[in-house]
Amino acid sequence: MEGLSTPLTTTNLHLRYGRILLQTVTSCDFNFLKQYFSSPSLMVCAVTLQCPGLFFADGKRKVDYVLCYKYKKRRASKPRLSVTSNGSLPVPIPMPITGRWDSEAESGEAGAPAGDMEESKLSEEEKALMREEFESGLLEAGLQLERDKERSNCLSFIRLHIPWPILSREAELQKIKVAVKKFIHCLCVYRKYFGEQIGLYFAWLGVYTQLLIPPSVLGIIVFLYGIFTVDTNVPSQETCDDNLNITMCPLCDGVCDYWHLSTVCSLARASYLFDNGATVFFAIFMSLWAAWFLEHWKRRQMCLKYSWDLTSLEDEELLCTQVICMFVCFLQQEPESLDIEDHLSGYLINMSTLLLLMFVTLSAVCGVAMYRICMLSVWSVNPDPEAKDSVRMTVTTTGIVLNMLVVLVLEEVYGAVAVWLTELELPKTKEEFQERLIFKSFFLKSMNAFAPIFYVAFFKGRFAGRPGDYVYLFGNYRMEECAPPGCLIELCIQLSMIMLGKQLIQNNVCEILIPYVYICVTSQNYEENETEEKRQKQQFDKDFILEPFEGLSPEYMEMVIQFGFVTLFVASFPLAPAFALLNNVIEIRLDASKFVTEIRRPDAVRCKDIGIWYNILCGISKFSVITNAFVISFTSEFVPRMVYQYMYSVNGTMSGYTEHSLSYFNVSNFLPGSAPTSTLITGVSMCRYKDYRDPPWDADAYTFSKQYWSILAAKLAFVIFFQVSK
């Protein structure tokens, strides 16, 4: 038996040596019992008892479980009736085959669990005998069976019915409390039907979505504030003023021409929508909100833990571990413990592979940067003036789209690599395996998702140099620079594209498309095998072709990565909580529909909390304070504007800030081959560039000015202030 589904009662059925053990839904010894006390050629399909037609041939007894196995005709097999039921027709009960495990232990194969045996090692006769032994134990325990006619090389189903006296008797022996009243609350329905593990996931997702409402509203207010005040913003007005006639230095060597600052007017206005005074207070609020959310969930989790009777789960897990050890000692020799040498090779491969994947991620980011640098030079050759004016935005947009596609592809690859690396470590328990797998998957996928954003926020334009002394990659490619309004608007576009792309394409579309394709393919293969006899499809036929349940890790990973987008760089994109809220409203319904209609019903698993995911969320929350502080200080123009207004402005206003933030460069100081070969702007002797350096007529020409050091000190002071305010 490869799997065991949970009935719609509050009990779970375990089969050991053909006897029935009804107990409360637990997962501690569930997988162990499936391996050691189950037939390798049987599988139990999930069924929905409320569906009409799920009855025995008499139309009265409901189907509680469905055993499924693939039947291959034996040479000496006896013909079976098309419908056999111990409630109506006699069924021969073969004597249990004694000494099977003893004989296997003598042959040295008892150490492998029955569920892990390869089918090629068992003949069809042995499989049939094991099924008959298994069924005889069910009949002795009082269960009622009904089977369809076995057809060669086809799936065969055995329907099980558990009479109410059997359930009542075992429930009394196990002291199981059955609720008398029906619970209407949706969360209790999830918990009753799927178990506590999935119930906690939906509880956490509901709390997270509900608490996204305040930051979503505040983020929209911040965005609207930028819209209403952009016309009164002095730096934007100065950037758009053609009368200032500010000529900027070329964006690339040779083929790029001089250009006027007013051509980036729309970019400056768009940047102010997200880079204004209200953004700072919103970033502080989001840092406090992240801590508030985690504390609120901790309280909510404790309430659920008490109301769902999970407070004593630790003692149950300890008892289950002791029971499993007793069974292992009884069925096989004492398991050999692995020493450090057995784990060393796995750890070394893990470390080297993780370093390699880090290099791959950084290479992908650098590759997209190289694409932007090359395309900027290529498209600048276009003689059309309008095309030249929009070349920066075109290169930025296409580079962001390319980044998003690379992130989506690498994420799928990293998921498979994380599983392989975790298996090499040989974890001792399933829980340890899951925690290590989750940590590796999160590390790789978060690095993949956030690396392009970190590059734009903290590295782009920082090491580009200045006119006449640029930094080159591979000797020919000049490092890219930020636009005069700053890199924040590009960071905003990058964050929004990757966040929305992952949510719409990878999460929502794939969650709908992949299960649908799986069902279509499986259904077609299943129908092709049904060649001997056509019969009307029952509910268990439909349930069998559904996609198997792969666990909650993909669901949590999706939301935790989204939590990182919402908190880590919210200073650059105040609308991120609103988009996350909209996505989660859809996500809850998609997940509910998927769990009910598109995947097989998962085994009910008891757990006391959301596990390692809470620690990951705490780490993201603490790290978000640092990232937002540095985004406001070093990526946005907030600190330079404040320093100018209160230290260098003549009248205490922002008038003259644009002129103050641009440095001068004498075009005669261009290196050979770097000056424009042809220009539409004649008579240029001085061009401007974004930096704080002394002018060429100063004694220390092109060195960092006093304003640069003042602004740097103010940025570092703001980082400290932001940390303290949190």
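Predicted model: local features only at pLDDT ≥ 70, side-chain atom pairs only at ≥ 80, totals over all residues.
1. Cys-487 has a relative accessibility of 2%, under the 20% limit, so it counts as buried.

2. How many disulfides does a search of the whole structure find? The search finds four. In general terms, a disulfide is a covalent bond between the sulfur atoms of two cysteines.

3. Cys-252 and Cys-256 form another of these disulfides, and here the sulfur atoms are 1.5 Å apart. With 90° about the S-S bond, this link is right-handed. Are its two ends buried or exposed? Cys-252 counts as buried at 6% relative accessibility, and Cys-256 counts as buried at 3%.

4. A disulfide also joins Cys-249 to Cys-687, with an S to S distance of 2.0 Å. The torsion about the S-S bond is about 85°, so this disulfide is right-handed. Where in the chain do Cys-249 and Cys-687 lie? Cys-249 sits in the loop between strand 8 (247-248) and strand 9 (259-260), while Cys-687 belongs to strand 15 (residues 686-690). The pair links distant parts of the chain, 438 residues apart.

5. Staying with that pair, Cys-249 has a relative accessibility of 5% and counts as buried. Cys-687 is buried too, with a relative accessible area of 0%.

6. Two further cysteines deserve a look. Cys-374 has a relative accessible area of 25%, which lies between the limits of 20% and 50%, so it is partly exposed. Cys-492, in contrast, is buried, with a relative accessible area of 4%.

7. Now for the cavities. The count comes to seven cavities of 30 Å³ or more. The largest cavity holds about 230 Å³ of space.

8. Which residues lie nearest the centre of the largest cavity? They are Pro-235, Thr-239, Pro-484, Pro-485 and Tyr-657, out of a lining of 18 residues. The elements that give two or more residues to this lining are helix 8 (234-240), helix 9 (265-274) and helix 22 (657-660).

Note on methods. Residues numbered from 1 in each chain as written. Heavy atoms only, no water. 1 Å grid on protein atoms, 1.4 Å probe; cavity = no way out; pocket = protein on both sides within 12 Å on 5 of 7 lines; lining within 4 Å. Points joined across faces, edges and corners; volume = space filled by probe spheres on them. Helix = DSSP H or I, 4+ residues; strand = E, 2+ residues; numbered from the N terminus. Disulfide = S-S within 2.5 Å. Buried < 20%, exposed > 50% of the residue type's maximum accessible area, 1.4 Å probe, protein only.
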